[in-house]
Amino acid sequence: MKKRILTGDRPSGKLHLGHYVGSLANRVKLQEDYDQYILIADVQALTDNYDNTEKVTNSVKELVLGYVAAGIDPEKSTIVLQSQIPAIAELTVFYLNLVSLNRVLRNPTVKAEIEEKGFGDSIPAGFAMYPVSQAADITAFEANLIPVGDDQLPMIEQTREIVRKFNNLYGDTLIEPEAKISEFPRLIGLDGKAKMSKSLNNGIYLSDSVEEVNKKVMSMYTDPTRLKPTDPGHIEGNPVFVYHEAFNPDKSEVEDLKARYRKGKVGDVEVKQKLAIAINNMLEPMRQRRAELEKNPEKINLILKNGIEKGRAVSDEVLRKVKHAMGIDYKF
Ligand code: TRP
């Protein structure tokens with residue numbers, strides 16, 4: 001039997017190239033060899049958007065479109081909408097007894113987010129405990145492997161602790177997942193900042209048109225020390241070359257541009273034009289798949305409905321086992 005993989009995203013707007021490089025491209029490959037579940041984590045997104053539910057709900061279809069555009073095949077990957085899986089909520093309640101308040105507040109990712117969001121003394125309890133609900137996500141689908149970047153490692157650790165505690169207390173019931181560390185680096189922004197992100201407005205969206213891509217690439221930061229095209233330029237950390245490495249499949253073109261750039265024999269414009277072509281070539285099939293699905297909203301609904309149905313069947317069975325292990329499967 002294929003191992004089961006679970007990944008998840010909080011719905012919050014459009015997907016960009018950073019998402020593609022960091023996880024979507026990987027998922028497109030993983031769906032060939034694993035039984036892959038992709039969770040649209042709308043309940044988790046609500047923990048810090050409870051006062052702006054539309055931001056979350058409006059982004060759900062956007063995620064489905066983005067997945068399919070990127071090459072996720074709903075026949076191979078099961079796309080599950082978290083809020084429609086009641087077992088996750090029930091499991092969360094049981095798991096909360098197995099975790100101390102101090103433990104959730106010590107989670108480094110949660111700590112950093114609390115800081116970043118400026119909650120001050122008013123940390124929503126739901127936010128602080130979202131790692132416990134994430135443990136419910138992971139165990140509800142009996143996932144063996146969770147592909148993660150660094151920031152998600154504390155969630156897997158928390159899940160493993162809960163699983164071990166549960167199994168010790170109530171008998172072997174839950175599957176202990178393992179992190180599958182992603183080898184994909186974080187993509188820097190068009191402005192050279194550490195990360196491409198919607199809030200920094202420094203990204204290229206998977207849904208951007210050819211014109212938008214051209215314009216954004218032309219506006220990219222390059223080597224700040226290079227004033228004229230005849231000045232020798234630097235490649236390392238230079239966003240246009242980072243992107244060439246990531247998106248231009250023509251390696252000899254990239255090597256040629258690098259060599260000429262170092263010698264001051266190529267201008268930024270040529271480097272950028274070639275980059276824009278490479279990115280547009282990569283995005284073109286995505287645009288087509290997106291347009292196809294956008295024309296057919298019934299199909300989006302069907303993808304969600306099928307995923308929910310499959311997700312409920314699996315997670316209800318886990319919940320049944322959990323209740324049995326805890327002795328709360330009363331028969332009246
Ligand atoms: N916490 C993840 C993020 O912020 C999203 C997520 C929710 C998730 N549930 C998950 C990831 C389960 C992996 C497994 O990106």
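**Entry 1: the model and its domains**

I am working with a predicted model. I looked up the domains before anything else. The protein chain splits into domain 1 (4-188 + 297-326) and domain 2 (210-290). I checked the spacing next. The C-alpha centres of the two domains are 35 Å apart. Domain 1 gives 12 residues to the contact, and domain 2 gives 11 residues.

**Entry 2: around the ligand**

Which residues are around the ligand? I listed Leu6, Gly8, Arg10, Leu39, Ala41, Gln44, Gln134, Asp137, Ile146 and Gln152. I then sorted this shell by class. It holds 4 nonpolar, 4 polar and 2 charged residues.

Arg10 has one at 3.3 Å from a ligand oxygen atom. Gln44 places one 2.8 Å from a ligand nitrogen atom. For Gln134, I noted 2.9 Å, again to a nitrogen atom of the ligand.

How much of the ligand does the protein bury? Taken alone, the ligand exposes 360 Å², and the protein buries 88% of that. I also asked which elements give two or more residues to the shell. They are β1 (4-9) and α8 (130-140).

**Entry 3: helix α8**

I recalled a rule about spacing. An α-helix has 3.6 residues a turn, so residues three or four places apart point the same way.

I looked just past the helix as well. Glu142 follows α8, and its phi is positive, near 50°.

**Entry 4: Arg290**

My last stop was Arg290. It is found in helix α13 (residues 268-294). Is Arg290 buried or exposed? Its relative accessible area is 10%, and the cut-off for buried is under 20%, so Arg290 counts as buried.

What does its side chain meet? I found a polar contact with the side chain of Glu62, at 3.1 Å. I then listed what Arg290 touches, leaving out residues up to four places away in sequence. The list is Glu62, Leu65, Gly66, Ala69 and Ser207. Glu62 therefore turns up in both searches, as a residue touched and as a polar partner.

Methods. Residues are numbered from 1 along each chain as its sequence is written. This is a predicted model: local features need pLDDT of at least 70, side-chain atom pairs count only at pLDDT 80 or more; totals for chains, interfaces and linings use all residues. Side-chain values use heavy atoms; hydrogens and water are left out. Helices (H or I, at least four residues) and strands (E, at least two) are DSSP runs, numbered from the N terminus. Buried means under 20% relative accessible area, exposed over 50%, partly exposed in between (1.4 Å probe, protein chains only). A polar contact is a pair of N or O atoms within 3.5 Å; within protein, one must be able to donate a hydrogen and the other to accept it, and residues adjacent in sequence count only if both atoms are side-chain atoms. Contact means heavy atoms within 4.5 Å. A residue is near a molecule or strand if one of its heavy atoms lies within 4 Å of it. Accessible areas come from the Shrake-Rupley method with a 1.4 Å probe; for residues, only the protein chains shown count as cover. Ala, Val, Leu, Ile, Met, Phe, Trp, Tyr, Cys and Pro count as nonpolar, Asp, Glu, Lys and Arg as charged, and the others, Gly among them, as polar. Domain bounds come from an automatic or database domain assignment.
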